[in-house]
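Dear colleague,

I am passing on the structure below, and the notes that follow go through what was found in it. Please read them with the structure open beside you.

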Amino acid sequence: MKIPFYKSIFLLLFVFVNANAQQQDRPNILWIVSEDNSPFLGAYGDQYVTTPNLDRFATQGVLYKNAFATAPVCAPSRSTLITGMYPPSMGTEHMRSTYPVPDFVKFFPRYLREAGYYTTNNAKKDYNTIDQTEAWDESSGKATYKNRKPSQPFFAVFNLNVSHESSIHTPVPAEKLKHDPEKAPLPPYHPKTNAMKHDWAQYYDKLEEMDRQFGALLKELDEQGLTENTIVFYYADNGGVLGRSKRFVYESGLRVPLIIRVPAKYSALAPGTAGSQTDRIVTFLDFAPSILSLAGLDIPAYMQGKAFLGKQQAKERDYAFGFRGRMDERTDLSRTVRDKKYRYIRNYLPHKIYAQHLEYLWKAPSMPSWEAEFKAGRLNADQSRFWQEKPAEELFDTESDPHNIHNLAADPKHKSTLAKLREVNQNWLIDSKDAGFIPEALLSKISETTPLFDYARSGKYDVKRIVETAEIASSRDRSKLSEVIKRLGDRDPVVRYWAVIGTIVLKNDAASAKSKLLTLLGDPEISVRVAAAESLLALGETEKPVQTLSEALNDSNQMARVQALNVLETIGAKAQPAVANVKSLLKENQKDSDYDVRAAKQILEQLNR
């Protein structure tokens, strides 16, 4: 039957009006993200800081007391935010890497854009994988929600980089500081050097400016008449920023401020009343699914996070998981679990000191001053610990010890808590198929043909046996040496690598493994050869292991070179036979930002002192 013309027009008008109404019913969502700051806000109880705008904002929204980044540094942390996925499960944990993710993993703003949202990012990305530019309508230093169509809902991100670590690299004259260095609330692990106090005061000045910029963005939103239609998130991309915060899996590196304001129009979506606080544990893993839930969109089944907002809100999580992989030019591997009271840390490379020299970290004047105090023997035990090897396990009561300086792992009173969180960590590593236990030289090679997420589920990655080997290797348990030696001959190169790590950790107690380690200098996998060289150096061998490390510097695999340079940096003058190959890395076509170049420069500087 033919529909009369006027009815057709009416039907089309109805569809258009209904669709427009649905668009208007969807909330706008605004993210304001500061860089490198722990909850240093007046709203969180900080009495030294000057943050009037954020403190006022907290009275209008809900403040989260237990919000955590998954990584204590920007790129892997942002990888979590943009994908809703746990980076170690995808091989995207290492700082500033671009290993591919599976095709089905989409940057979540793409789902919003496909549903009619106008998506903008101003301006930092740093997602630690291959970019997906189709996620954004605009992404630049000029990107703004103002360019959307009339009545079109938006998802907009503004990144405030004024509080970034780089803001303390160049000291401001003391007379220009707004915050008094003598009143700076130094944590107990920092010595009260002039440079340390100055850096803290300067950093708090930057937080004050960050607060001003935050206030300007809220004012702009209000002037556009959008306050009553926009859900606003404020959070930081990781903790920070002075030494032992950013990059480290303590409260100072992983706990972040999070305040969410939901207008009255969308009160049904609000996590609480204005001015309230919640102790609910949320992590960056949960942000992507939560935004999709607020927008009324389906959450993809592959996302590992759970919505804590909106109609698809999931049951509160019991734990926040975190990780530390390679940080710039320095190799490391730690995992952490946090419940509402305790933080558990497992260090899988405990022989590496916390304070491995990072070129970028040492640009802050406070770091060389801290190092000088350690070398001069003027530090107390809490301040010295950063310059020493790590324990295999750490356990902290975050309520009584917010600075994480009293390790309870060996305290019999906390034995059951330690055992419980150790098991939680192990289960998560296996359930998430944590690919971070593959040494990066091999991981990077695998990624050339297969995303690590797919490889870890291909049947070729025996995560349970590998994690078991890493646990044995990092335990410093001499009774496990026979098992370590046995696994030196395992057919799986990742197991062999971790078995070698076990001999490195045991040092001279692993002397009976020397003959097998010498054989492994010829292993087909370069990461195993380099690890064997490191172990043999500790057992008194020099010529053959240094030759192996020197040869590794000629390898086309950058991460193999970085691994070798990390070893050479620890042996002082014994590295001399490799100097020619170290210098060859400093060619004109190399960039200072290349991590092998940074590590090579540090070795040459040491040898020239």
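Which residues are linked with Glu 35 in a network of salt bridges? The network is made up of Glu 35, Arg 96, Lys 124 and Asp 126, and please bear in mind throughout that this is a predicted model.

**Salt bridges**

A search of the whole structure finds 46 salt bridges, and a few of them deserve a description of their own. Since Lys 124 lies in the loop between β3 and β4, and Glu 35 in the loop between β1 and α2 (52–60), the pair ties together parts that are 89 residues apart in sequence. Both Lys 124 and Glu 35 are buried.

Another salt bridge joins Glu 251 to Arg 343, with 2.8 Å between the closest N and O atoms. Here Glu 251 belongs to helix α7 and Arg 343 to strand β11, so that the pair ties together parts that are 92 residues apart in sequence. Glu 251 is buried, with a relative accessible area of 7%, and Arg 343 also counts as buried, at 1% relative accessibility.

The side chains of Asp 434 and Arg 335 likewise meet in a salt bridge, at 2.7 Å from N to O. Asp 434 sits in the loop between α11 (415–431) and α12, while Arg 335 is in strand β10, so this pair ties together parts that are 99 residues apart in sequence. Asp 434 is buried with a relative accessible area of 0%, and Arg 335 is buried with one of 1%.

Asp 339, in the loop between β10 (334–338) and β11 (342–347), is buried yet has no salt bridge. Its nearest side chain of opposite charge is that of Lys 420, which is 4.1 Å away, whereas a salt bridge requires the nitrogen and the carboxyl oxygen to be within 4 Å. What the side chain of Asp 339 does reach is backbone: the nitrogen of Lys 341 at 2.8 Å and the nitrogen of Tyr 342 at 2.6 Å.

**Cavities**

The structure holds five cavities of 30 Å³ or more. The largest cavity contains about 270 Å³ of space and is lined by 24 residues, with Thr 331, Leu 349, Pro 439, Glu 440 and Tyr 497 lying nearest its centre. Four helices, α12 (440–447), α16 (493–506), α18 (526–538) and α20 (558–568), each supply at least two residues of this lining, and α20 gives the most, with five residues. By type, the lining of the largest cavity divides into 13 nonpolar, six polar and five charged residues.

The second largest cavity holds about 100 Å³ of space. It is lined by 14 residues, and the closest to its centre are Trp 31, Arg 78, Tyr 127, Val 157 and Tyr 235. At least two lining residues come from each of β1 (28–34), α3 (74–83) and β5 (154–160), and the lining of this second cavity divides into 10 nonpolar, two polar and two charged residues.

**Helix α3**

The helix α3, which contributes to the lining of the second largest cavity, has 10 of its 10 residues buried, so it is largely enclosed by the rest of the structure. Among the buried residues of α3 are Cys 74, Pro 76 and Arg 78. Just after α3, Gly 84 takes a positive phi of about 70°.

**Backbone features to look at**

The bond from Asn 122 to Ala 123 is cis, with omega near 0°, and Ala 123 is placed in the loop between β3 (118–122) and β4 (138–139). The bond from Gly 240 to Val 241 is also cis, with omega near 10°, and Val 241 lies in the loop between β6 (230–236) and α7 (251–254).

Positive phi values also occur in residues other than glycine, including Asp 328, with phi near 55°, and Arg 476, with phi near 60°. Asp 328 is in the loop between β9 (320–324) and β10 and is buried, with a relative accessible area of 6%. Arg 476, by contrast, is found in the loop between α14 (463–474) and α15 (481–487) and counts as partly exposed, at 32% relative accessibility.

With best wishes

Methods. Residues numbered from 1 in each chain as written. Predicted model: local features only at pLDDT ≥ 70, side-chain atom pairs only at ≥ 80, totals over all residues. Heavy atoms only, no water. 1 Å grid on protein atoms, 1.4 Å probe; cavity = no way out; pocket = protein on both sides within 12 Å on 5 of 7 lines; lining within 4 Å. Points joined across faces, edges and corners; volume = space filled by probe spheres on them. Nonpolar A, V, L, I, M, F, W, Y, C, P; charged D, E, K, R; others polar. Buried < 20%, exposed > 50% of the residue type's maximum accessible area, 1.4 Å probe, protein only. Lys, Arg positive; Asp, Glu negative; His and termini not counted. Polar contact = N/O pair within 3.5 Å; in protein donor to acceptor, adjacent residues only side chain to side chain.
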